[in-house]
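Visitor: Could you walk me through a few spots in this model while I have it open? I'd like to ask as we go.

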Amino acid sequence: MAPSFLSFVSLYGIYLRRCFATSGLTSQFIDIDDHTTIHLWAPNPDHQTPQQQKPALLLLHGFGPSAMWQWRRQAQFFSPHFQVYVPDLVFFGDSTTKSKERSEVFQAVSMGKLMEKLQVKKYHVMGTSYGGFVAYHMAKLWPEKVEKVVIASSGVNMRKADNMELLQRANVENVEEIMLPETATQLRTLTRLAISRRFTMVPDFFWKDVVNQLYSENRNEKLQLLKGITLLAGDDSCKLPPLQQNVLIVWGDKDQIFPLKMAHELKELIGKKTRLEIIQNTSHVPQIENSTQFNNIVKNFLCGSS
């Protein structure tokens with residue numbers, strides 16, 4: 001591994017932290033119970049007054065690097081309009097637990113406890129990919145607290161057949177070879193599926209640096225999280241309970257992790273108060289690939305009338 005002062009990933013991490021800080025967010029650690037500690041970026045409680053209260057927005061990241069790597073452009077864009085909370089899910093970044101629970105339901109309960117500790121009574125939730133699974137459960141568990149819901153690039157309606165098709169597209173045998181890359185080759189595969197642009201000229205030492213810096217910690221626990229997902233339907237039917245809230249689904253038209261057909265099906269399953277927005281020429285991370293369009297779509301939804 002290259003020394004940190006030679007690592008692009010380490011240097012870019014410094015830049016990301018500065019972006020969050022200049023957006024008015026501070027790095028905080030909250031003990032939500034006797035077993036679990038959550039790290040998050042959140043408004044400084046010492047700098048808030050009741051007159052300054054804005055609507056609260058909780059951002060839930062996907063499988064991969066910690067939250068600041070996935071939500072930088074959203075933290076900057078939404079902070080002037082919302083009280084933005086950007087936690088690391090359990091076993092990502094600096095969030096930890098002694099609990100043996102490993103499901104996305106546990107992640108949802110942990111995020112609910114976090115918002116209680118922060119004394120946030122009502123809030124919008126936006127989740128991408130795995131974070132969308134968590135957002136769905138939060139909306140289902142606490143309809144009186146969770147207001148509007150944004151689900152981005154998230155196959156909440158995933159069946160085992162969809163999982164098998166993903167493995168075929170990636171030409172691998174196990175999903176962890178995609179979601180938990182250990183080599184430059186595996187990370188290239190993940191990037192090919194998740195991003196519409198191609199990075200054929202990027203050298204192996206860069207990919208290895210990314211793997212070492214962003215994918216190496218808590219591998220066993222993250223593997224357990226993948227195996228602990230409860231939403232995965234075992235047959236051809238997906239019986240997904242609808243949500244009470246207004247829901248926005250945002251998807252990239254070239255997504256190869258969760259293909260666009262899943263977005264259309266999810267819209268029909270999740271409730272009558274659901275709308276779908278498709279961002280052209282983006283894949284699994286439209287919030288990064290076309291952040292301007294993504295952010296404006298979400299802001300219009302959150303700020304518009306029900």
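This is a predicted model: local features need pLDDT of at least 70, side-chain atom pairs count only at pLDDT 80 or more; totals for chains, interfaces and linings use all residues.

Visitor: OK, strand β6 then: how many of its residues are buried?

Guide: Six of the six residues of β6 (residues 123-128) are buried, so the strand is largely enclosed by the rest of the structure. Buried here means under 20% relative accessible area, exposed means over 50%, and partly exposed is in between, with a 1.4 Å probe and protein chains only. Helices (H or I, at least four residues) and strands (E, at least two) are DSSP runs, numbered from the N terminus.

Visitor: And which residues sit on each side of β6?

Guide: Y123, V125 and G127 are on one side and H124, M126 and T128 on the other, and all of these are buried, which leaves both faces of β6 covered.

Visitor: Which strands does β6 pair with?

Guide: Strand β3 (residues 56-60) runs parallel to β6 and is joined to it by four bridges, with L60 standing opposite G127. β7 is also parallel to β6, through five bridges, and there T128 has A152 as its bridge partner. Two strands are said to pair if DSSP finds at least two bridges between them.

Visitor: Switching to β1 and β2: parallel or antiparallel?

Guide: β1 (residues 25-31) and β2 (residues 36-43) pair in the antiparallel sense over seven bridges, and a hairpin of four residues joins them. I30 is bridged to I38 in β2.

Visitor: What does L114 touch?

Guide: Leaving aside residues up to four places away in sequence, L114 touches I30, I32, I38, L40 and P87, where contact means heavy atoms within 4.5 Å. L114 belongs to helix α4 and is buried, with a relative accessible area of 0%. L114 and L40 are 74 residues apart in sequence, yet their C-alpha atoms are 9.6 Å apart in space.

Visitor: While we're on α4, at what angle does it pack with α5?

Guide: Helix α4 (residues 104-117) and helix α5 (residues 130-141) pack at about 65 degrees, with their axes 8 Å apart. The axes are lines fitted to C-alpha atoms, for helices over the stretch in contact, and angles run from 0 to 180 degrees between N-to-C directions. E104, V105, Q107, A108, V109, M111 and G112 of α4 meet Y130, F133, V134, H137, M138 and L141 of α5.

Visitor: What about Q245, buried or exposed?

Guide: Q245 is buried, at 6% relative accessibility, and lies in the loop between α10 (219-227) and β8 (247-252). Its side chain reaches the backbone oxygen of V146 at 3.2 Å. Among the residues that Q245 touches, not counting those up to four places away in sequence, are W142, P143 and K273.

Visitor: Last one: which loop holds S153, and what is its phi?

Guide: S153 lies in the loop between β7 (146-152) and α6 (160-170), and has a positive phi of about 50 degrees although it is not a glycine. Most residues other than glycine have a negative phi. S153 is buried, at 0% relative accessibility. N218 also has a positive phi, about 55 degrees, without being a glycine, but N218 is partly exposed at 26%.

Technical notes: Residues are numbered from 1 along each chain as its sequence is written. Side-chain values use heavy atoms; hydrogens and water are left out. A polar contact is a pair of N or O atoms within 3.5 Å; within protein, one must be able to donate a hydrogen and the other to accept it, and residues adjacent in sequence count only if both atoms are side-chain atoms.
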